[in-house]
Amino acid sequence: MIPVLEKLSGFYNSYVLAILTVGYILGELGHYLIGVTSKQTAIELDYGDHACQQNTSMFHRQELPTQCSAVMNESSCQALDYNGTSYCEWNYNGLGIDYQILAGPTFILIFTIAGVFMGFAADKYNRVKMLTICTIIFGIAIILQGTVKEYWQLVLLRMVMAAGESGCNPLATGIMSDIFPEDKRALVMAIFNWGIYGGYGIAFPVGRYITKLNFWNLGWRVCYLGAGVLTVIVAALTGTTLKEPERKAIGEGDRTTASGKPISLWQVIKNPAMIMLMIAASIRHCGGMTFAYNADLYYNTYFPDVDLGWWLFGVTIGIGSVGVVVGGIVSDKIVAKMGIRSRAFVLAVSQLIATLPAFGSVYFDPLWAMITLGLSYFFAEMWFGIVFAIVVEIVPLRVRSSTIGVFLFVMNNIGGNLPILVDPVAKVLGYRGSIMIFYAGFYGISSILFFITCFLLDGKTDSSPEPESPKSHPDAVLNARHMHGHDNSVFTVDETLPSNGRPAQLPQHLQMSGNGYDKSQKSPARQNGAESSRL
């Protein structure tokens, strides 16, 4: 090997993480751009609600005799003036049921259904090739969104984009879990899944300021054209520079039930711990999606004279990034002491702390709204990577990606579609009240659900052998014990001896790993810090 390339090979894992994360960021940028460009898009494509809006930044809200948002009809809106200057306009505001459907259900419906199939395929086929194709698909779809002339065209292309992007998480998660060791797993998953918030955060300055610059008289369309081109470039790098890693079990190999049969996807999904984790993640996801789809529109509605684009970008990218890293490190550090339960405990505490400042971010005026938003983001953004670290640690290798696909299907269908209720609730309680319920309120509810999940997961596992129960039902291993993490021992009840093919129960410290080393000793690979047979 060329000396330079040999030195760079040590950074391959980091490079893989960077490429996967950048691709995910661009996909989420395409996903969330609609929330920032919706007003301009609605005006041009003719969809959504009309409202009276402040049309000039010459005046501060406090100076105006009547707020534009308080006027409910066009004639009264146009009649408002201050010192002879009209300061309101009656136009599309980017909101309404058309927008909520465009932002949420049309994307989520395809994203979740396709995600399940991607998860199953990822367990059988080359994940790098599949990810390359998926990235090309959603990249081209983003480009084409910058060329649409009708609302229905935008809806259709968001569906195509969703189909392509649905492969990102299950495919990338499978790749990363095969190349990164256990002690870095939560941090790696957190960095990758932060791509959701990275794309969402970048959408604020891109959607606001690139649109205002109006390059080539294309307005908001340039945002989509640029993001799509960059995505296609990343797809090319994915296909030409990444290699398919060897599939490795995170624990001691593929898991079996007490009867010796492989654990099925259904047995994994129906476990109480997994069900509660999916419900908690779905509620938390709803809170995040509600704010993501409505943040720019909310602040523009209530503070039209204050430009918060860079503030929202800074809080999301800066403080959110720190929260992601801290959450992953904390989770990884204490899991060895407390077991997989510690990850759920970190989730419960972080979301509880984030709840009160989340309320503040939609209650206070701009300055304190941004301060409390930053505080909320620091703790709130710990959740995503930790959740998927739990998932990959409590499922067997053979159904890992398909479990992630099903998990995302449930989480996105509940969490991604519930925000559609923001519009009807807003018509009753007001836009601010509706956002408080579905954003901050759901943070608090998820905290309680994550705390309950703690009791369905075991703490640190010990090496004591399990009592033999040869006549137990095939599902007994899943239903009789809490779900372990850390070493995936929940999926190991018996070992098959290669000499006679008969199952025999062995103490944990006498069992042999896949590479033949005694599990009570560290393998040379572990001592050198390389990937172990448990990865």
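**Close-up 1: the disulfide of Cys68 and Cys88.** Cys68 and Cys88 are joined by a disulfide, with 1.9 Å from S to S; a disulfide here is a pair of cysteine sulfur atoms within 2.5 Å. The two ends come from distant parts of the chain, 20 residues apart: Cys68 sits in the loop between strand 1 and helix 3, and Cys88 in strand 4. Helices (H or I, at least four residues) and strands (E, at least two) are DSSP runs, numbered from the N terminus. The link is left-handed, with -85° about the S-S bond. Cys68 counts as buried at 3% relative accessibility, and Cys88 does at 4%. Buried means under 20% relative accessible area, exposed over 50%, and partly exposed in between (1.4 Å probe, protein chains only).

The model is a predicted one: local features need pLDDT of at least 70, side-chain atom pairs count only at pLDDT 80 or more, and totals for chains, interfaces and linings use all residues. Residues are numbered from 1 along each chain as its sequence is written, and side-chain values use heavy atoms, with hydrogens and water left out.

**Close-up 2: the disulfide of Cys52 and Cys77.** Here the S to S distance is 2.2 Å, and 85° about the S-S bond makes the link of Cys52 and Cys77 right-handed. Cys52 belongs to strand 1 and Cys77 to helix 3 (residues 74-79), 25 residues apart. Cys77 is buried, at 0% relative accessibility. Number the bonded cysteines in sequence order and the pairing reads 1-3, 2-4.

**Close-up 3: Tyr32 and its neighbours.** Tyr32 is part of helix 2 (residues 12-45), and it counts as buried at 2% relative accessibility. Leaving out residues up to four places away in sequence, Tyr32 touches Ile196, Tyr200, Ala203, Met289, Ala292 and Tyr293; contact means heavy atoms within 4.5 Å. Ile202 is 170 residues from Tyr32 along the chain, yet their C-alpha atoms are separated by 9.2 Å.

**Close-up 4: the two sides of helix 19.** Val422, Asp423 and Ala426 are the buried residues of helix 19 (residues 422-429). They share one side of helix 19 because they cover an arc of only 90° around the axis, taken from the directions from the helix axis to the C-beta atoms. They pack against helix 4 (97-103), helix 13 (272-302) and helix 20 (431-454). On the face turned away from that buried side you'll find the exposed residues Lys427, Val428 and Leu429. Next after helix 19 comes Gly430, with a positive phi near 95°.
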